[in-house]
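Here is a short tour of one protein model for someone meeting it for the first time. Take a look at the sequence and structure below, then read on.

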Amino acid sequence: MKQLIFSLVLCILSISFGFSQISILIEGGANYGKAKLTKNDILNNENILGYYISGIPKYKLTNRFTLQSEFQYSVEGFGLGDGYSPHPIDQKHNLHYIRIKPELELGIMGPFSVIGGLNYGYLAFATIQNGNSSSKVSKGTYDNDDLGILAGFNIALYKFNIAFKYNYGVASIFDLNLTDIQGSDLGQVKAKNRFLQVGVGYRIDFKI
């Protein structure tokens, strides 16, 4: 699947050389969400706030359809807590991804358009934050590769763009076997990334 996504991105970039004008959207914004865990009766996970920065080459196929390949640095994750204390998040897991997103954009009316595509992420590193202290997570705790589906919409105002995108993870980013204090098996916990991105971008047009 990783090779397929890279092939799609290369195909998009190669097709762009056949167009007289190429646009690049520089975008940044906030991530809000969490890695959805199974076994929520044992582990209480909470939404956290992160951020992302993207560079998005864009080119039009028709007046309504636009292909784009989004290259993104994204900080996501989840919070863990017991659910009883005044501060429900005891640990904050920050996952730093390099993401590649082949996308298709469809103009629907005026400045409004909808987007959809794939979302491949490579985990650069991860940290766990406890209060004011932060420590790096050892390699192998989380899977390096993440895969998801994205959907959302854009609002284009002159050269500015407002984006709303939801990323629905379909692959587990870690598998954890739980046991109680007696050592009895409580089952396996899986986590899948689920988060909303809200961002603002500026489009730069290039003529070849």
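Predicted model: local features only at pLDDT ≥ 70, side-chain atom pairs only at ≥ 80, totals over all residues.

## The largest pocket

By class, nine nonpolar, nine polar and seven charged residues line the largest pocket. Here Ala, Val, Leu, Ile, Met, Phe, Trp, Tyr, Cys and Pro count as nonpolar, Asp, Glu, Lys and Arg as charged, and the others, Gly among them, as polar. The pocket holds about 500 Å³ of space. Of its 25 lining residues, Lys58, Lys60, Thr66, Glu105 and Arg203 are the closest to the centre. A pocket is an open set of points on a 1 Å grid over the protein atoms alone, where a 1.4 Å probe fits, with protein on both sides within 12 Å along at least five of seven lines; lining residues have an atom within 4 Å of a point. Its volume is the space filled by probe spheres set on the points, which are joined across faces, edges and corners.

Which strand gives the most to this lining? That's β5, with four residues. Strands (E, at least two residues) and helices (H or I, at least four) are DSSP runs, numbered from the N terminus.

Residues are numbered from 1 along each chain as its sequence is written, and side-chain values use heavy atoms, leaving out hydrogens and water.

The chain has a mean pLDDT (the predictor's confidence in each residue, from 0 to 100) of 81, and 75% of its residues reach 70 or more.

Arg99 sits in strand β5. Is Arg99 buried or exposed? It counts as buried because its relative accessibility is 0%; buried means under 20% relative accessible area, exposed over 50% and partly exposed in between (1.4 Å probe, protein chains only). Its side chain joins that of Asn119 in a polar contact of 2.9 Å, meaning a pair of N or O atoms within 3.5 Å; within protein, one must be able to donate a hydrogen and the other to accept it, and residues adjacent in sequence count only if both atoms are side-chain atoms.

Ser113, in strand β6, is buried too, at 7%. Its side chain makes a polar contact of 2.5 Å with the side chain of Glu105.

## An exposed tyrosine

Tyr158 lies in the loop between β8 and β9. Though not a glycine, Tyr158 has a positive phi of about 60°. At 70% relative accessibility, Tyr158 counts as exposed.
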